[in-house]
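The following note sets out points for discussion. Please read each with the coordinates to hand.

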Amino acid sequence: MNPAKPGETARTPWIVGVSGASGTPYAAAVLRALLDAGESVDLVVSRASRLTLLDETGISFRDAHWRGDLREWLARGADGKPGTFETDLTDVRYWPAGDLAAGPSSGSYATKGMLVVPASTACVAGVALGLSKDLLQRAASVTLKESRRLVVAVRETPLNGQTLRHLVTLDDAGAVVVPASPAFYAGATHIQDLVDFVAGRVLDAAGVEHRLYRRWKGELGGGARPA
């Protein structure tokens, strides 16, 4: 990528890694909110997540057509309805999962951190063990070693002892583990509200401002009242 010209601000993106766990609407909500907040995004979509995306949305995500496929994906609501959202993809850069020479594979590539959403148990294990079998795992390992913020939105149930130990390993290494667990106090009336709550908590952990859900204000019954 070209260096910043005099007077320009260097691009410092958030890496968003999408693994093969169910929950592609969570990833879409996080991506939309990051871009709406004016953040730059480097996107890594694992091979397994393409199967999940195809199953959950009917969209085939292809390296050669990633921008059009991403636009179609982010336009869908959590209920699968197309054309629900419109997102500017100008500041998105896509890296194929098999490209281990990509920018995010090196600690010298400047980023704000990485969000893995959703995170499968296989992805959690790979990062915890430092396997770096693809760019997603490598980028997450780099994020940890460079002491940058890594948020892992694990989406699986039940969790066995092995996965719990891997999550503790990630926590010990400095990652923030965010279970994909929707809450109901925010007054959810639609599936998109539940998805946005989880996406919002991921962004909270990253320190990115958003307006995805109603925050708790210490008032019982607040979720039943209009915003």
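**Notes on the predicted model**

1. Tyr-185, Trp-216 and Leu-220 make a nonpolar surface patch of about 400 Å². Patches are made of residues with over 30% relative accessible area and no salt bridge, like charges being joined within 9 Å and nonpolar side chains (Val, Leu, Ile, Met, Phe, Trp, Tyr) within 5 Å. Accessible areas come from the Shrake-Rupley method with a 1.4 Å probe, and for residues only the protein chains shown count as cover.

2. On the basis of the model: this is a predicted model, in which local features need pLDDT of at least 70, side-chain atom pairs count only at pLDDT 80 or more, and totals for chains, interfaces and linings use all residues. Residues are numbered from 1 along each chain as its sequence is written, and side-chain values use heavy atoms, with hydrogens and water left out.

3. Tyr-185 is placed in the loop between strand S6 (176-177) and helix H7 (191-206); helices (H or I, at least four residues) and strands (E, at least two) are DSSP runs, numbered from the N terminus. Tyr-185 counts as partly exposed because its relative accessibility is 37%. The classes are buried (under 20% relative accessible area), exposed (over 50%) and partly exposed (in between), with a 1.4 Å probe and protein chains only.

4. Rings of Phe, Tyr and Trp (its six-membered ring) pair if their centres lie within 6.5 Å; planes under 30 degrees apart count as stacked, over 60 as edge-to-face and the rest as tilted. By this rule there are seven aromatic pairs. The pair of Phe-61 and Trp-73 is edge-to-face, because the ring centres are 6.5 Å apart and the planes stand at 85°. This pair links distant parts of the chain, twelve residues apart: Phe-61 is in the loop between helix H2 (47-57) and helix H3 (66-75), and Trp-73 is in helix H3. Phe-61 and Trp-73 are both buried. Another edge-to-face pair is formed by Tyr-185 and Trp-216, at 5.9 Å centre to centre and 75° between the planes. Trp-216 lies in the segment after H7 and Tyr-185 in the loop between S6 and H7, so this pair ties together parts that are 31 residues apart in sequence. Ring pairs also link Phe-61, Trp-66, Trp-73 and Tyr-94 into a cluster.

5. Which residue caps the N-terminal end of H5? Asp-134 does so, with a side-chain oxygen 3.3 Å from the backbone nitrogen of Leu-136. Helix H5 (residues 135-145) is largely enclosed by the rest of the structure, because nine of its eleven residues are buried. Among these buried residues are Leu-135, Gln-137, Ser-141 and Thr-143.

6. The C-alpha atoms of Asp-134 and Asp-99 are separated by 7.6 Å, although the two residues are 35 apart along the chain. Asp-99 is in the loop between strand S3 (92-96) and strand S4 (113-119) and is partly exposed, at 27% relative accessibility. Its side chain reaches the backbone nitrogen of Ala-101 at 3.1 Å.

7. Nine salt bridges are found in the whole structure, a salt bridge being a side-chain nitrogen of Lys or Arg within 4 Å of a carboxyl oxygen of Asp or Glu. Arg-62 and Asp-69 form one at 2.8 Å, N to O; Arg-62 is partly exposed at 40% relative accessibility, whereas Asp-69 is buried at 3%. Asp-204 and Arg-215 also meet at 2.8 Å, N to O. That pair links distant parts of the chain, eleven residues apart, with Asp-204 in helix H7 and Arg-215 in the segment after H7. Asp-204 is partly exposed at 23% relative accessibility, as is Arg-215 at 41%. Salt bridges with shared partners join Arg-11, Asp-42 and Asp-91 into one network.

8. Most residues other than glycine have a negative phi, and most peptide bonds are trans. The peptide bond from Val-117 to Pro-118 is cis, with omega near -10°, and Pro-118 lies in strand S4. A cis peptide bond also joins Thr-157 and Pro-158, with omega about -10°; Pro-158 is in the loop between strand S5 (149-154) and helix H6 (161-172).

9. Ser-132, although not a glycine, has a positive phi of about 50° and is placed in the loop between helix H4 (121-129) and H5. Ser-147 has a positive phi of about 60°. Ser-147 is in the loop between H5 and S5 and counts as exposed, at 68% relative accessibility.

Terms used:
Polar contact = N/O pair within 3.5 Å; in protein donor to acceptor, adjacent residues only side chain to side chain.
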